[in-house]
Amino acid sequence: QVQLVESGGGLVQTGGSLRLSCAASGRTFSNYDMAWFRQAPGREREFVARISWTGNTYYAEPVEGRFTITRDNAKNTVYLQMNMLRPEDTAVYYCKAAQSAYTLMSQNPQIGYWGQGTQVTVSS
């Protein structure tokens, strides 16, 4: 019902910045909560940041103070501004949409609506 497409990943040096975008279509966007997850090789998919339909935000501790999640409901788009990147931030980053806390926060790729992912690589 909801299609999500991420973009903006790439290769950066330690301390650099990237801005990821997630374009949504298929359903009413403004009443969905949105989140970013990431998955590194050999690790489970992990929560990064979320934003409610009203604009409330929450971040995982490793990215608090460095990443900022925002949304533009008029453009049906969610962003993740990533600053002061570290090698441990290297992962595939996924956008997610949901209408409940349960479906939003689950890392199971079969639960909720997910984008295809975009690769972020931070070199040392």
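I looked up strands E3 (residues 18-25) and E8 (residues 77-82) and found 6 bridges joining them, antiparallel. Strands are DSSP runs of at least two residues, helices (H or I) of at least four, numbered from the N terminus. Two strands pair if DSSP finds at least two bridges between them. The bridge partner of Ser21 in E8 is Tyr79.

The model is predicted: local features need pLDDT of at least 70, side-chain atom pairs pLDDT 80 or more, while totals for chains, interfaces and linings use all residues. Residues are numbered from 1 along each chain as its sequence is written, and side-chain values use heavy atoms, without hydrogens and water.

I then traced the open sheet: 4 strands, antiparallel, in the order E1-E3-E8-E7. E1 (3-7) and E7 (67-72) are at the edges with a single partner strand each, so one side of each has no neighbour in the sheet.

Next, Ser106. I found it in the loop between helix H1 (101-105) and strand E10 (113-114). Ser106 is buried at 16% relative accessible area (buried is under 20%, exposed over 50%, partly exposed in between; 1.4 Å probe, protein chains only). Beyond four places in sequence, Ser106 is in contact with Phe37, Lys96, Ile111 and Trp114 (heavy atoms within 4.5 Å).

Trp114 also belongs to an aromatic cluster with Phe37, Phe47, Tyr58 and Tyr94 (ring centres of Phe, Tyr and Trp, its six-membered ring, within 6.5 Å; planes under 30 degrees apart are stacked, over 60 edge-to-face, the rest tilted). I checked Arg45: it lies over the face of Trp114, at 4.7 Å from the ring centre (Lys NZ or Arg CZ within 6 Å of the centre and within 35 degrees of the ring normal). Arg45 lies over the face of Tyr94 at 3.8 Å.
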